[in-house]
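Please keep the sequence and the coordinates at hand while reading.

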Amino acid sequence: MLTDLSIVAKKNGKALELNGNDIDYNPRLVRLLASACSKSHCIGSLGSAAHYPKDVFRNLDIAIRLVDEFKLELA
C-alpha cells in the first residue's frame, strides 16, 4: 500500500512526510515509507509534528539518515 501511495503522490506532485514523531512510535513504518518513496521516486519531506518548542526537529537526525540511505529527493 505504501508503494501505491507513493506512486499516487508522485503522479500528483505531492511529497510524503518522514515524520519525527512517527519515528518514535513506528520506526519500521517510516522506514517502509522511505523505501516506497525511493522505489517510486516520490519526493519526501521532513517534519516533526511539533506542538511544543521542545519537539521541533524531533528525530531529524534519523530522518536525514533515511533520506541519505534511500537517496530521497526532498521538497
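Apart from neighbours within four places in sequence, Asn-21 is in contact with Ser-48, Ala-49 and Arg-58, where contact means heavy atoms within 4.5 Å. This is a predicted model, in which local features need pLDDT of at least 70 and side-chain atom pairs count only at pLDDT 80 or more, whereas totals for chains, interfaces and linings use all residues. Residues are numbered from 1 along each chain as its sequence is written, and side-chain values use heavy atoms, with hydrogens and water left out.

Asn-21 lies in helix α2; helices (H or I, at least four residues) and strands (E, at least two) are DSSP runs, numbered from the N terminus. With a relative accessible area of 18%, Asn-21 is buried, given that buried means under 20% relative accessible area, exposed over 50%, and partly exposed in between, for a 1.4 Å probe and protein chains only. Gly-20 also lies in helix α2 and counts as buried at 1% relative accessibility. Its contacts, again leaving aside neighbours within four places in sequence, are Gly-47, Ser-48, Arg-58 and Asn-59. Gly-20 and Asp-61 are 41 residues apart in sequence, while their C-alpha atoms are 9.0 Å apart in space.

## Salt bridges

Side chains of opposite charge can pair when their charged atoms come close. A search of the whole structure finds four salt bridges, each defined as a side-chain nitrogen of Lys or Arg within 4 Å of a carboxyl oxygen of Asp or Glu. One of them joins Arg-58 to Asp-24, with the closest N and O atoms 2.8 Å apart. This pair links distant parts of the chain, since Arg-58 is in the loop between β2 (44–47) and α4, and Asp-24 is in helix α2 (residues 20–25), 34 residues apart. Arg-58 counts as partly exposed at 26% relative accessibility, and Asp-24 counts as partly exposed at 40%.

Another salt bridge is formed by the side chains of Glu-69 and Arg-31, at 2.3 Å from N to O. Here too distant parts of the chain are linked, with Glu-69 in helix α4 and Arg-31 in helix α3, 38 residues apart. Glu-69 is partly exposed, with a relative accessible area of 42%, and Arg-31 is partly exposed at 37%. Lys-54 forms a salt bridge with Asp-55, their closest N and O atoms being 3.2 Å apart; Lys-54 is exposed at 69%, whereas Asp-55 counts as buried at 12%.

## Nonpolar core

The largest nonpolar core has 14 residues, and those with the most contacts inside it are Leu-16, Leu-18, Ala-34, Cys-37, Leu-66 and Leu-72. Such a core is a set of buried Ala, Val, Leu, Ile, Met, Phe, Trp, Tyr and Cys residues joined through side-chain atoms within 4.5 Å. The elements that give two or more residues to this core are β1 (16–19), α3 (27–40) and α4 (60–70).

Beyond its neighbours within four places in sequence, Leu-72 is in contact with Leu-18, Ala-34, Cys-37, Ser-38, Leu-66 and Val-67.

## Packing of α1 and α3

The axes of helix α1 (residues 2–11) and α3 come within 8 Å and cross at roughly 50°. Axes are lines fitted to C-alpha atoms, for helices over the stretch in contact, and angles run from 0 to 180 degrees between N-to-C directions. The two helices α1 and α3 are therefore oblique to each other, as angles under 35 degrees count as roughly parallel, over 145 as roughly antiparallel, 65 to 115 as roughly perpendicular and the rest as oblique.

In this packing, Leu-2, Thr-3, Ser-6, Ile-7 and Lys-10 in α1 meet Leu-29, Leu-32, Leu-33, Ala-36, Cys-37 and Ser-40 in α3.
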